[in-house]
Amino acid sequence: MSGTVIVQLTCSQCGEFTAHTVVYAGRLLVSSECSRCGYIIRRESHELRSDYVRDLEQRVASKPHRMWLRLVEHPIRYAARLPTSVLTKPIRMSDELKSFLRRR
Ligand SMILES: [Zn+2]
């Protein structure tokens with residue numbers, strides 16, 4: 001997962017249960033912004049950077065195993081989606097890095 005999602009959360013600043021814009025880089029939460037008062041929570045850059053690198057290493061290392069599981073569990077669906085997945089992976093990684101770098 002990467003990018004931006006809108007979720008309902010209780011804001012720690014204004015106390016309202018309202019829409020928040022949540023930004024992810026990979027599987028990591030980058031920031032959250034309250035739509036009512038604009039309060040933003042961001043992770044510390046040094047902490048986010050080291051967590052992101054560790055998460056990316058873990059995802060790269062586990063990719064062959066995850067691909068194998070998908071192939072065994074759903075071979076036809078896996079084969080049908082593989083070309084699109086391979087072609088769009090650079091775009092998805094670029095979007096993920098943009099989310100990460102935009103935060104810094
Ligand atoms: Zn708020």
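**Entry 1: Secondary structure.** I counted the elements of the protein and found 2 helices and 4 strands. I note at the outset that this is a predicted model. Reading from the N terminus, I recorded the order β-β-β-β-α-α.

**Entry 2: Overall dimensions.** I next looked up the extent of the chain. The C-alpha atoms of the protein fill a box of roughly 50 × 30 × 20 Å along the principal axes. I compared the radius of gyration with the rule for a globule: a compact globule of 104 residues would come near 13 Å, whereas the protein has 17 Å. I also checked burial, and buried residues account for 11% of the 104 residues. For the contacts between residues at least 6 apart in sequence, I noted that 43% join residues at least 24 apart.

Entry 3: I traced an open sheet of 4 strands in the order 1-2-3-4, with antiparallel pairing. Its edges are strand 1 (3-10) and strand 4 (40-42), each of which pairs on one side only. From one strand to the next, I recorded an average twist of 25°.

**Entry 4: Strand 1 and strand 2.** I found 8 bridges between these two antiparallel strands.

**Entry 5: Strand 2 and strand 3.** Here I counted 6 bridges, again in the antiparallel sense. V23 has S31 in strand 3 as its bridge partner. The hairpin of strand 2 and strand 3 has 2 residues between the strands, and G26 in the turn takes a positive phi of about 65°.

**Entry 6: Strand 3 and strand 4.** I found 3 bridges joining this antiparallel pair. The bridge partner of E33 is I40 in strand 4.

**Entry 7: The nonpolar core.** Which residues make up the largest nonpolar core? I listed 6 residues: V23, A25, L28, V30, Y52 and F100. Strand 2 (17-25) and strand 3 (28-34) each supply at least two residues of this core. I keep in mind that, in soluble globular proteins, nonpolar side chains tend to be buried together.

**Entry 8: Helix 1.** I located helix 1 at residues 45-73, lying across strand 2 and strand 3 and running at about 135° to strand 3. How many of its 29 residues are buried? I counted 1, and I recorded helix 1 as hardly covered. I then followed the helix axis and found a bend of about 45° at K63, with a proline, P64, following within four residues.

**Entry 9: P64.** I looked at this proline separately, having placed it in helix 1. Why does P64 count as exposed? I found 9 C-beta neighbours inside 10 Å, so P64 falls in the exposed class, for which the cut-off is 12 or fewer. Lastly, I took the distance from P64 to T84, which is 20 residues away along the chain, and the two C-alpha atoms are separated by 17 Å.

Notes: Residues numbered from 1 in each chain as written. Predicted model: local features only at pLDDT ≥ 70, side-chain atom pairs only at ≥ 80, totals over all residues. Core = buried A, V, L, I, M, F, W, Y, C linked by C-beta atoms within 7 Å. Buried ≥ 20, exposed ≤ 12 C-beta atoms within 10 Å, placed from the backbone. Rg over C-alpha atoms; globule rule 2.2 N^0.38 Å. Contact = placed C-beta atoms within 7 Å. Pairing = 2+ DSSP bridges. Axes fitted to C-alpha atoms, helices over the stretch in contact; angles between N-to-C directions. Bend = angle between axes of the 7 residues up to and from the residue.
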